[in-house]
Amino acid sequence: MSKALKPAVSLRQSLQTRVGLLVCSAVLLMGLGALLFGLKPMVERIAADQFSVASAQVEAKLNSVFQPAEQILRMSPGWIGNEPPDLKNPAVFNHLFRPVLEALPEATSIVAGTSSGEGWLLLQLPDGKWRNRMTDRQRWGDRHHFFEWDANGNAQDYWKSVDYDPRKRAWYSSAMLDTKRVQWTEPYIFFTTGDPGITASTRIALKDGRDFVIGMDLMLRDLSTLTMNTKLGTHGIALVLTEDLRVLALPAAPSGIAATDWFGNALKKSADLKLAPLTDALSEWHGRNKIVKNGVSSFRSGDQAW
């Protein structure tokens, strides 16, 4: 049929067709908008749930270090009794606490001291070696008796002058603040190794009235190993900060930075890590105060949602 013979489309039919198309388009757009509006909260809830699971896993890993240390220290009064170990024979102290350090790889040393200035140290060294430092400020002053044990159990002893007094260390004063429970120090630099760490300690009352404080040292390097090896999605990071935003446990090292170099950032300010997502997260936290205890907040860093 030629164009001339085709029936003409009335203006009414044309308007109805156009209106119908507009109505269908509007319905589709409204439906799509409703779908997206409904999906967005769902996606956010899924992301929040995944974040909560990941953070719980990190917390569980850290608790697997903190809780055994506290439990061991709570049991230590039963091992020590009401008399301190023999200062002249470090094997007595080692017999009690060497198995503890062997069972807890994150714990590096056991320290102890009395209110009269006696002190004990058992330090685990690489290659199966051990070190003791025995202190008696009243009788020996700055001179300390050291013992070096090799992997076969052979010992060499020597004396060395060191300006060390257990009563002046953070772990001792921390335990004396609350003598009824295990205390954790603020992060500090260990006297013997020079490494940053924290110490759990507790007080024991001796029968002669003196105080005996015993502590367990944990290096931040070992805590960082837990967070650095945690996988959080495709590009998540895990770390632990102190209240003043110093790094207690490090996130994974950026590409191209060796882990040994990265460990040097422990106890530094978080800004020193130069991680844009971390900087933006903290800016969001301080600027809008949206992150609350047990809550999850989303933000953008660059062109990515975190």
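Modeller: Buried means under 20% relative accessible area, exposed over 50% and partly exposed in between, with a 1.4 Å probe and protein chains only. Helices (H or I, at least four residues) and strands (E, at least two) are DSSP runs, numbered from the N terminus. This is a predicted model, in which local features need pLDDT of at least 70 and side-chain atom pairs count only at pLDDT 80 or more, while totals for chains, interfaces and linings use all residues. Residues are numbered from 1 along each chain as its sequence is written, and side-chain values use heavy atoms, with hydrogens and water left out.

Colleague: Okay, how many residues of strand β9 are buried?

Modeller: For β9, residues 211-219, the count is 9 of the 9, so the strand is largely enclosed by the rest of the structure.

Colleague: And which way do they point from β9?

Modeller: Asp211, Val213, Gly215, Asp217 and Met219 point one way, and Phe212, Ile214, Met216 and Leu218 the other way. In a regular strand the side chains alternate between the two faces of the sheet.

Colleague: Which strands pair with β9?

Modeller: Strand β1 (residues 107-114) pairs with β9 in the antiparallel sense over 7 bridges, and strand β8 (residues 196-205) does so in the antiparallel sense over 9 bridges; strands count as paired if DSSP finds at least two bridges between them. Val111 has Gly215 as its bridge partner in β9, while Gly197 stands opposite Met219. β8 and β9 also form a hairpin with 5 residues between them, and Gly209 in the turn has a positive phi of about 95°.

Colleague: Switching topic, which residues have the most contacts inside the largest nonpolar core?

Modeller: They are Phe97, Phe212, Ile214, Met216 and Leu223, in a core of 43 residues. A nonpolar core is a set of buried Ala, Val, Leu, Ile, Met, Phe, Trp, Tyr and Cys residues joined through side-chain atoms within 4.5 Å. Helix α1 (residues 11-80) supplies the largest share of this core, 9 residues. A second, separate core of 13 residues includes Phe146, Val162, Ala175 and Met219.

Colleague: How many aromatic pairs are there?

Modeller: The whole structure has 10, where rings of Phe, Tyr and Trp (its six-membered ring) pair if their centres lie within 6.5 Å, and planes under 30 degrees apart count as stacked, over 60 as edge-to-face and the rest as tilted. Trp171 and Tyr172 are edge-to-face, at 6.2 Å centre to centre and 70° between the planes. Ring pairs also link Trp79, Phe93, Phe97, Trp120 and Phe212 into a cluster.
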